[in-house]
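Have a look at the structure below before reading on. The notes after it are a short tour for someone seeing it for the first time.

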Amino acid sequence: MTRLSVEMLAADAVEPITSAGHAQLGVAVLAGIAVIVLLITQFKLHAFLALTIGSLVLGAVAGAPLDKVIVSFTTGLGSTVAGVGVLIALGAILGKLLADSGGADQIVDTILAKAGGRAMPWAMVLIASVIGLPLFFEVGIVLLIPVVLMVARRGNYSLMRIGIPALAGLSVMHGLIPPHPGPLVAIDAVKANLGVTLALGVLVAIPTVIIAGPVFSRYAARWVDVPAPDRMIPSRASEELDKRPGFGATLATMLLPVVLMLSKALVDIVVDDPAHKVQRVFDVVGSPLIALLAAVIVGMFTLGRAAGFTKDRLSTTVEKSLAPIAGILLIVGAGGGFKQTLIDCGVGQMVLDISKDWSIPALLLAWLIAVAIRLATGSATVATISAAGLVAPLAADMSTAHTSLLVLAIGAGSLFFSHVNDAGFWLVKEYFGLSVGQTVKTWSVMETIISVVAGGLVLLLSLVI
């Protein structure tokens, strides 16, 4: 369904809605991005409105008829929400079940009971990476902050020694691993294989999170030696429950969608026959929609029922999980609208035409474009979506593996140097009680390390695969 809608859009976008030259289109892109940055940073406008207005400015400066710009924007918004909206909703439900049932607490407590001393930063990476699989970055931070503060205070650890590995685990998952919104939208935009992208993403993520997490945290703890802030630690869900799910059942539920999607990728490689019954079954079972839906349904029993939830409590949990994602859906949708406006104005073709004369590899170009948009807008998701729209034409002649690496290059670039125009920057600063300078020395540098290391690994893999 998603792939078909993207292909239809691509077919509709063959003829640009403007005949502007490369110079005018370049100015239009800069103007559109500048308006988005100005509205978000200076006027504190919601990203959804900023992206909508920026798309109109882009089309106007490019000389396109505004009625066609509106059609492009709404078409892109609709196709993006159709492609990833249901997946975002299912991910939110799974995350809420995980938090409210005490399943997250169970995983955290079990791993911490097995770790101590020098192993603690590695344990925090593991916890954050596992919890970060189904959760959005902001939700993951809120969920992990009490754990980070308690571990730092109880074990007399430097806050950075514990906090940086946890943040690295969450950030790498958010930028590189589907089913997070950014990677999913990029996969749709460049027509990449989700299973292959997931497998290569995990391969890139492991060394990246080790370097940016436990290794870098040693230096971050020296640069910024702060104790855990003296503030009220939020009560944990499991304190209000008589029982909670088991560790094995919780972990299995969280990893179920990942296992199903990887299984589909493996069957596609081994069987390699679209008409074969086994491959057809796994094409259905391993699709993101079915994989996440299966995890949600299983989670209602392994998490909800195991915690003693009644049918009404389960229904309430699901209902509460959906309200907070309205803003996320609108931002992601508007990002898709901006992306489609870029494509329909001919910006993607412009990048393709210009890059033909460059000796720069396509993967490095994708990374650099994502870096530029990330620095400008402060949003990893906006950077991923916009960069994917710009470099989508480059994927036309790529192999399946290299198309997936293109997605990962974009994802890596989208994490580069988070600063004051990024909501995550302020979230980390406030939760950890840091100054702006301390946040730059720790969080911003960590994000840059993730981006550079992951980008480098993607380029290395492109030489091997």
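## Ground rules

This is a predicted model, so local features need pLDDT of at least 70 and side-chain atom pairs count only at pLDDT 80 or more, while totals for chains, interfaces and linings use all residues. Residues are numbered from 1 along each chain as its sequence is written, and side-chain values use heavy atoms, with hydrogens and water left out.

## Salt bridges

Side chains of opposite charge can pair when their charged atoms come close. Here a salt bridge is a side-chain nitrogen of Lys or Arg within 4 Å of a carboxyl oxygen of Asp or Glu. How many salt bridges does this rule give? The count is three.

Lys96 and Asp100 form a salt bridge, 3.6 Å from N to O. Both sit in helix α4 (residues 66–100), four residues apart, or about one turn of the helix. Helices are DSSP runs of H or I with at least four residues, numbered from the N terminus. Lys96 is partly exposed, at 25% relative accessible area, whereas Asp100 is buried at 18%. For these labels, buried means under 20% relative accessible area, exposed over 50%, and partly exposed in between, using a 1.4 Å probe and protein chains only.

## Bridges between helices

Next up, Asp283 pairs with Lys264, and their closest N and O atoms are 3.7 Å apart. This one links distant parts of the chain, with Asp283 in helix α12 (residues 277–285) and Lys264 in helix α11 (residues 247–270), 19 residues apart. Asp283 is partly exposed at 28% relative accessibility, but Lys264 is buried at 18%.

Then there's Glu447 with Arg374, a salt bridge of 3.1 Å, N to O. Glu447 belongs to helix α21 (residues 436–464) and Arg374 to helix α17 (residues 362–377), so the pair ties together parts 73 residues apart in sequence. Are these two buried or exposed? Glu447 is buried, at 2% relative accessibility, and Arg374 is buried too, at 2%.

## Two helices side by side

The axes of helix α9 (residues 181–190) and helix α18 (residues 380–391) come within 9 Å and cross at roughly 10°. That makes α9 roughly parallel to α18 (angles under 35 degrees count as roughly parallel). Axes are lines fitted to C-alpha atoms over the stretch in contact, and angles run from 0 to 180 degrees between N-to-C directions.

Among the residues that meet are Val185 and Ala189 in α9, and Ile385 and Ala388 in α18; contact means heavy atoms within 4.5 Å.

Note on methods. Angles under 35 degrees count as roughly parallel, over 145 as roughly antiparallel, 65 to 115 as roughly perpendicular and the rest as oblique.
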